[in-house]
Amino acid sequence: MRPHHARFLSLGAAACVAAALAGCSSGGSSNSSSSSTPTTSTKAPIVIGTSLSLTGDFSTDGVAFQKGYQLWVRDVNAAGGLLGRQVQLKVLNDASSPTQVVSNYDKLISTDHVDLTFGPFSSKLTTPAAAVAARNGFAFIEGAGGAPSVFTTPANQAAHNVFDVSLPIQDEMVPFTDWVKSLPASQRPKTAAYPMAQDPFADPPVQVAQTMLQAAGVRTVYSKIFPAEVPNYTPAADNVATSGAQMVVLGSTDVPTVSAFMKAFEQQHYVPKIFIAAAGPDQGSAFTGTVGTGNAAGMLVPNAWYPGSPNAQSQKMVTAYLAKYGGTPSGINADVAEAYAVGQVAAQAIQATGGTVNSKIISYLHSGATLSSVQGPVKFDSLGRNLQATVFIFQWQNGKFVQVLPAGAAGSVKIVNPKPAWAS
Amino acid sequence: MTTKLVHAVVNGVLGGGVYALMAVGLTLIFGVLDVINIAQGVMVVLGAYLSYALSVHLHLDLFLGLLLTVPAMFIIGVVIQWAFIRPLRGRERTSMSLLACYAVAIIIEGILYWAFGPNSITLKASYVTSSVHVFGFYLPYIYLYGFAMAVALVVALYGLLYRTLFGRSIRATMQDQTAARLIGINVNRVAALTFGIGVAVTAAGGMVFGATSGGINPNSGYDLISRLLAVIILGGLGSIGGALAASVFMLTAEAIVDIWQPTWSVAVFYAALVVVLTFRPRGLFGRQEARAQ
């Protein structure tokens with residue numbers, strides 16, 4: 001009998017622990033996290049549901065997004081809430097899974113009966129999540145789904161429910177390519193490599209940049225798409241190094257991808273004169289902590305926001321963030337601002353429509369109204385792209401994340417060119 | 001093109017060493033216990049995090065740190081076997097062990113998230129980013145050291161299995177547990193120690209993986225496990241040398257395909273498995289052969 005007892009005890013314990021941990025780990029089931037403050041009125045709170053990648057491949061971004069949402073909830077509640085109602089945030093963990101994110105929004109809408117939904121992290125997860133919201137007549141305000149494929153889905157073309165407060169990513173490299181083209185012929189790179197992760201976010205801006213730079217006479221010596229989220233990027237990175245390209249335009253989605261390329265380049269004693277990545281270097285201390293502050297020098301990345309932005313709302317948010325989480329301004333992940341901006345746009349829509357009726361919010365956001373956010377003005381086209389978003393190019397210089405392009409724009413400093421050698 | 005091909009082969013061989021370090025423990029455990037340790041990927045990540053903690057907090061060199069992480073992982077392995085695997089009996093033992101190992105993976109992952117957070121980490125040392133110039137190629141020291149360690153480890157494990165009394169007990173247990181009991185071998189003890197050794201050698205794989213990758217987080221093990229399983233199946237379940245040979249073969253195939261079409265590089269990893277198993281169902285060094293050695 002003893003072995004049976006032992007077996008059942010062991011398996012029972014294993015199953016229980018697994019089930020319990022699955023809830024807060026990668027299992028993908030719900031992990032409710034309320035960020036409410038004590039209710040100061042008798043009115044029912046406005047409950048906002050979202051699914052975030054708190055574990056898995058996008059966990060760095062997911063946690064940064066959670067901080068941005070929570071910061072906005074805290075600020076809005078401290079100011080008396082919306083329409084006299086406090087705001088509550090309900091967060092489920094999707095473990096970076098496009099399947100789990102669908103289940104999560106189904107649960108938030110059908111079981112938890114939230115009033116509004118906010119978007120998850122990444123275009124890859126936003127696309128299926130927005131379809132769930134569309135099916136239920138919900139507006140889907142999001143900050144990290146800027147890939148063209150997010151807007152052109154049949155669901156969005158029918159429901160017009162997606163609203164991306166950040167910049168559409170397709171043209172985010174344009175200020176960079178304009179700058180390269182403006183360089184004197186003697187300084188302009190002659191060759192370029194375009195390695196791209198297989199991801200709806202990573203490829204389009206790099207492909208646009210490649211087309212523009214080729215037209216400007218920059219010869220393509222490497223242009224290939226590699227699988228995203230594989231454990232081994234070394235072969236692809238080594239092939240780029242072997243090409244000897246003077247400029248690398250990397251279609252990346254996260255820090256580990258950029259870090260893997262940087263590490264392989266250093267091992268191969270290869271320093272491109274210009275190195276820009278679609279994402280990764282914009283993740284503050286998560287980036288410098290992985291690649292090292294010295295190696296980060298000269299790395300470029302496009303985005304709509306940076307911690308030193310002169311935008312008054314942004315400065316207020318940065319101050320609030322540092323007071324709550326500590327660190328330095330350059331260490332703040334750009335995802336925080338994207339999430340905070342989602343909350344701001346939702347707040348303006350709720351105030352303008354006098355409630356949380358999703359159909360009214362959708363109509364209002366498509367009305368042509370110009371809204372404000374920490375990332376700058378927001379105005380949506382018929383598919384929910386932010387027409388007012390301004391794209392900047394940022395660079396790591398001496399441990400600081402600074403705006404460098406467009407050259408001459410308010411806040412831009414001189415770009416470091418060529419990229420300094422690897423520091424380690 | 002020849003240069004690229006040679007470079008790809010060199011990359012494949014050196015990268016294969018890293019994968020062998022991660023896979024030998026998995027195949028050893030299967031060979032002795034008939035347990036597919038689905039938690040192996042997370043064990044690799046755990047090994048990397050332990051090395052990271054020693055490096056960051058005690059400023060211990062990554063290889064010196066193995067003197068601490070290998071014994072620590074051995075103890076963790078013995079405890080896991082005692083608590084989760086040993087109680088399993090009966091015909092469903094192998095399938096139930098999958099569930100138990102999955103639970104172990106989730107527990108370890110949860111602890112790592114709690115202890116280290118979601119941000120990715122990478123292991124740093126001068127030899128991680130530096131390389132030696134040989135015949136026109138830059139060979140990263142970390143890969144060279146990793147490959148040398150993989151070969152040394154395989155030799156050491158062979159020595160343990162074929163030159164020691166304990167190894168004889170292991171091989172007897174591999175062939176027939178009941179017969180092993182009858183001749184006085186403490187099968188439970190052998191199983192616990194073998195599981196411990198299998199997890200302990202993974203500490204070395206975790207360290208090198210953490211140093212060669214762009215960054216890992218507690219969830220990174222799930223991207224690894226399917227590849228490690230493919231390696232040990234191709235090498236022949238239970239064959240330690242087979243794990244090394246299969247790692248080199250698959251990583252080389254992947255690196256060569258990567259020259260032309262990187263999107264197919266992952267697929268070729270598994271396509272190679274299917275092709276080899278079609279002609280040699282027991283893998284490169286099949287189980288019967290492995291046990292007969």
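Residues are numbered from 1 along each chain as its sequence is written, while chains are lettered from A and ligands numbered from 1 in the order in which they are written. As the model is a prediction, local features need pLDDT of at least 70 and side-chain atom pairs count only at pLDDT 80 or more, whereas totals for chains, interfaces and linings use all residues.

Chain A holds an open sheet of 5 parallel strands in the order E2-E1-E3-E4-E5. Strands (E, at least two residues) and helices (H or I, at least four) are DSSP runs, numbered from the N terminus; two strands pair if DSSP finds at least two bridges between them. Strands of a sheet pair through backbone hydrogen bonds, either parallel or antiparallel. The edges of this sheet are strand E2 (87-93) and strand E5 (162-164) of chain A; each has a single partner strand, so one side of each has no neighbour in the sheet. From one strand to the next, the twist averages 25°. Angles run from 0 to 180 degrees between N-to-C directions, and axes are lines fitted to C-alpha atoms, for helices over the stretch in contact.

Glu142(A) stands opposite Asp164(A) in E5(A). Helix H4 (residues 123-135) of chain A packs on the sheet and touches strand E1 (46-52), E3, E4 and E5 of chain A. The direction of H4(A) makes about 150° with that of E4(A). Contact between two residues means that their C-beta atoms, placed from the backbone, lie within 7 Å.

Some backbone features of chain A come next. Most residues other than glycine have a negative phi, and most peptide bonds are trans. His113(A) has a positive phi, near 50°, and lies in the loop between helix H3 (98-111) and strand E3 (116-118) of chain A. His113(A) counts as exposed because it has 9 C-beta neighbours inside 10 Å. By definition, a residue is buried if 20 or more other C-beta atoms lie within 10 Å of its own, exposed if 12 or fewer, and partly exposed in between, with C-beta atoms placed from the backbone. Phi of His269(A) is also positive, near 55°; this residue is in the loop between helix H10 (255-267) and strand E9 (274-277) of chain A. With 13 other C-beta atoms within 10 Å, His269(A) is partly exposed.

Two peptide bonds are cis: Leu405(A) to Pro406(A), with omega about 5°, and Asn417(A) to Pro418(A), with omega near 5°. Pro406(A) is found in the segment after strand E12 (400-405) of chain A, and Pro418(A) lies in the segment after E12 of chain A.

Between the chains, 44 residues of chain B are in contact with 52 residues of chain A. Elements giving two or more residues to the chain B side include H1, helix H3 (62-85) and strand E2 (137-140) of chain B. H4(B) gives the most, with 10 residues. By class, this side has 21 nonpolar (Ala, Val, Leu, Ile, Met, Phe, Trp, Tyr, Cys and Pro), 16 polar and 7 charged residues; Asp, Glu, Lys and Arg count as charged, and the others, Gly among them, as polar.

Ala8(B) lies in helix H1 (residues 2-33) of chain B and is buried, with 23 other C-beta atoms within 10 Å. Leaving aside neighbours within four places in sequence, Ala8(B) is in contact with Pro235(A), Ala255(B), Ile256(B), Asp258(B) and Ile259(B).
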